[in-house]
Amino acid sequence: MRGLPDSVGIKGLGGPELEGLMSDLGQPGYRVSQLRGWLYGHGVDSYDEMTNMPTTLRERLELVAPLYTPTLVTSQTSAVDGTRKYLWRLADGSSVESVGLPSGDRLTVCFSTQAGCAMGCSFCATGHGGLVRDLGPGEMVDQVRLTAQDFGRRATNAVAMGQGEPFANYEHTLAALRFMNDKDGLNIGARHLTVSTCGLVEGIRRFAEEPEQFTLAISLHSAIQATRDRIMPGVRGQRLESLHTAIADYGQATGRRPSIEFALIEGVNDSDDELRALVEFCRGLHVHVNLIPVNPVEVARVSRSDVGRLVEFKRALVSTGTEVTVRQERGVDIDAACGQLRQRHE
Ligand code: SF4
């Protein structure tokens with residue numbers, strides 16, 4: 001439970017740590033899978049509900065690793081597309097956001113990996129508030145589980161694209177993805193589990209070596225060093241060349257195609273020079289570019305580029321053989337931008 005408050009309890013443990021705990025308590029192997037099933041498959045709120053476990057074990061667990069479930073502070077539902085945004089209160093009083101995005105048979109849940117964020121991206125409400133703390137694996141799984149529960153259906157996809165930089169909390173994020181992927185847990189296919197990073201090169205290299213086929217998205221937002229340094233100060237020390245190499249190596253090592261996220265901000269990263277740099281960055285890379293109209297955020301005073309500009313970016317990328325999607329806006333009538341709901345309540 002590196003860097004986590006004691007109150008996170010059992011939700012701070014990853015798979016191997018759960019095994020270690022149960023072994024320390026003298027339990028046979030099958031109890032670990034029972035415990036994982038109760039925590040994340042059934043999603044119980046107390047050890048009392050784990051009816052096939054001995055009472056003495058449940059009492060012991062309560063003492064050594066208490067079990068807390070996040071409580072709902074508030075939620076908003078979009079009247080336009082059914083997107084729902086949630087603010088959860090954790091056991092130590094920190095709060096985090098999740099978003100449920102229904103689409104046909106699919107329910108994608110966007111979850112947070114940290115309370116707050118240290119990366120300081122200029123266009124993001126969370127970035128303006130700074131980092132509070134890392135989240136434990138179970139605190140991430142709970143956001144997905146509780147969001148799906150509110151929709152009354154299972155989550156088919158989950159993406160670490162809420163508050164926080166997932167690779168700044170690497171081990172807990174990976175442990176959470178494994179509980180989400182686990183048959184005893186949320187049973188979501190690995191390819192439907194995505195990590196979205198600011199592009200921390202070390203994290204990308206490490207992620208490439210994980211055995212599961214998790215999906216990767218990289219927030220680029222500018223392929224010009226000076227612009228990127230200004231709008232994403234958390235990765236200021238990192239050269240775009242090394243990010244480019246890491247993305248190419250990731251593709252080679254995994255055979256998978258990551259996405260590049262690019263939020264167009266009027267007057268900041270939507271010039272012709274920015275477009276040329278983006279096209280050059282993507283040339284020859286096996287990537288899929290998502291162009292996103294940036295969410296207007298009061299605190300950040302950013303406004304989105306007009307639709308015509310998005311179309312020009314798309315056309316230029318497509319003409320050089322890069323696959324592009326213009327991301328559909330979701331939840332335009334609610335505080336859907338990362339960090340806005342939390343900010344409004346604090
Ligand atoms: S955009 Fe993501 S990485 Fe950047 S400050 Fe916001 S939460 Fe952190």
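## Ligand shell

By class, the shell around the ligand holds six nonpolar, four polar and no charged residues; here Ala, Val, Leu, Ile, Met, Phe, Trp, Tyr, Cys and Pro count as nonpolar, Asp, Glu, Lys and Arg as charged, and the others, Gly among them, as polar. Of these ten residues around the ligand, C117, C121, C124, G127 and C198 come nearest; a residue is near a molecule if one of its heavy atoms lies within 4 Å of it.

## Basis of the model

This is a predicted model in which local features need pLDDT of at least 70 and side-chain atom pairs count only at pLDDT 80 or more, while totals for chains, interfaces and linings use all residues. Residues are numbered from 1 along each chain as its sequence is written, and side-chain values use heavy atoms, with hydrogens and water left out.

## Helices α10 and α11

The axes (lines fitted to C-alpha atoms over the stretch in contact, with angles from 0 to 180 degrees between N-to-C directions) of helix α10 (residues 272-282) and helix α11 (residues 307-319) come within 10 Å and cross at roughly 35 degrees. Helices (H or I, at least four residues) and strands (E, at least two) are DSSP runs, numbered from the N terminus.

In α10, D272, L275, L278, V279 and C282 meet R309, E312, F313, A316 and L317 of α11, contact meaning heavy atoms within 4.5 Å. The residues of this contact divide into seven nonpolar, no polar and three charged.

## A158

A158 lies in strand β7 (residues 157-160). A158 is buried, with a relative accessible area of 1%, because buried means under 20% (1.4 Å probe, protein chains only). Leaving aside residues up to four places away in sequence, A158 touches V109, F111, V144, M180, I188, H192, L193 and T194.

Key. Buried means under 20% relative accessible area, exposed over 50%, partly exposed in between (1.4 Å probe, protein chains only).
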